[in-house]
Amino acid sequence: MVTSFLNNQIVFITGASSGIGRATAEAFAAQGAKLLLCARRLERLRELEKHLKASNPSVQIHIFSLDVRNRAAVHRAIEGLPAEWKHIDILVNNAGLSRGLDKLQEGSLDDWDEMIDTDVKGLLYVTRDVVPGMIERGRGHIINIGSIAGHEVYPKGNVYCASKHAVDAITKGLRLDLVDTPLRVTTIDPGLVETEFSEVRFHGDKDRAKQVYKGLEPLHAEDIAETIVWCANRPPHVQIGEVIIFPTSQASAVTVHRS
Ligand code: NDP
Ligand code: 8X3
């Protein structure tokens with residue numbers, strides 16, 4: 001018999017309105033988890049809630065709009081959670097983005113601010129507000145969504161790669177700082193996953209975004225979601241440190257076979 005440790009666990013997923021975050025919400029719902037979901041686009045979250053309840057009316061979901069870059073708003077949102085949602089068991093720090101693909105000397109400072117504020121500072125703000133409660137309760141799992149860009153630097157990837165290298169360092173630092181607790185810390189580091197990621201990176205240029213995945217089968221958001229759920233569903237004494245996950249036609253950040 002397969003044991004699920006996830007039934008009734010409160011899972012907080014940032015950036016659940018699209019892509020990996022949305023698929024992760026669906027995957028945890030299928031395991032009987034309770035879903036705490038945020039993103040800036042509340043309409044998208046409402047639609048997801050409706051979709052999940054249509055297939056399982058008993059699934060428990062609490063959605064709220066949050067921009068993880070806003071430190072005060074993050075604090076207010078987490079402090080102000082209804083009592084029945086306060087005891088977060090699993091935090092999936094997924095909200096993140098890339099903006100632009102430019103040589104550093106030609107890069108946009110606004111793009112840089114947005115990536116660093118979201119991918120690094122936003123992740124830190126959420127983590128800082130959630131982890132102390134986990135320590136008090138003696139249970140918890142923090143799962144950060146890093147990237148292959150946190151292990152390799154590719155041409156014109158400069159600041160996005162720096163933001164994901166920071167996620168890697170923060171994940172490792174947090175794991176060291178929590179070693180004397182029962183908490184677990186994991187990073188999931190994908191290569192190419194077809195989501196809205198490239199459309200966001202290219203500021204809404206859908207044609208350019210499509211080219212990124214042309215001639216290969218990229219990962220699907222569900223592939224990452226399954227991996228996240230697998231990590232979360234290990235017995236309490238098992239801590240998956242990091243998972244690098246590529247499509248089969250990708251061997252490094254820049255080595256991709258296209259037919
Ligand atoms: P999507 O663009 O499809 O989803 C990104 C999610 O992040 C959206 O739900 C978006 O919601 C949310 N988000 C962005 N900025 C903020 C913010 N300031 N506050 C709150 N939520 C925010 O891309 P992916 O699903 O692909 O990306 C998810 C994560 O996976 C990111 O961290 C990304 O770096 C990482 N990743 C993606 C890869 C890929 O190839 N797709 C590969 C490796 C890592 P909203 O806009 O509604 O706020
Ligand atoms: C997303 C994957 O290779 O575009 O983090 O950086 S990549």
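## Polar contacts to ligand 1

In this predicted model, a polar side-chain atom of Ser-18 sits 2.5 Å from an oxygen atom of ligand 1. Lys-164 also brings in a polar side-chain atom, 3.0 Å from an oxygen atom of the ligand, while Gly-191 uses a polar backbone atom at 3.3 Å. The cut-off here is a pair of N or O atoms within 3.5 Å. The protein covers 97% of the 870 Å² of accessible area that ligand 1 has on its own (Shrake-Rupley method, 1.4 Å probe).

Ligand 1 has 31 residues around it, and Ser-18, Arg-40, Arg-41, Tyr-160 and Thr-195 come nearest; to count, a residue needs a heavy atom within 4 Å.

## Helix H5

H5 takes in residues 158-177; helices are DSSP runs of H or I with at least four residues, strands runs of E with at least two, numbered from the N terminus. Its 20 residues should span 28 Å, and the end C-alpha atoms are 28 Å apart, which agrees. That expectation is 1.5 Å times one less than the number of residues.

Among the buried residues of H5 are Tyr-160, Cys-161 and Lys-164, buried being under 20% relative accessible area (1.4 Å probe, protein chains only). The buried residues pack against H4, E5, E6, H6 and E7, with contact meaning heavy atoms within 4.5 Å.

## Cysteines

Cys-161 has a relative accessible area of 1%, and Cys-231 has 0%. The structure holds 0 disulfides (cysteine sulfur pairs within 2.5 Å).

## Ground rules

Residues are numbered from 1 along each chain, with chains lettered from A and ligands numbered from 1 as written. Local features need pLDDT of at least 70 and side-chain atom pairs 80 or more, while totals for chains, interfaces and linings use all residues, and side-chain values use heavy atoms, without hydrogens or water.

Methods: Buried < 20%, exposed > 50% of the residue type's maximum accessible area, 1.4 Å probe, protein only. Polar contact = N/O pair within 3.5 Å; in protein donor to acceptor, adjacent residues only side chain to side chain.
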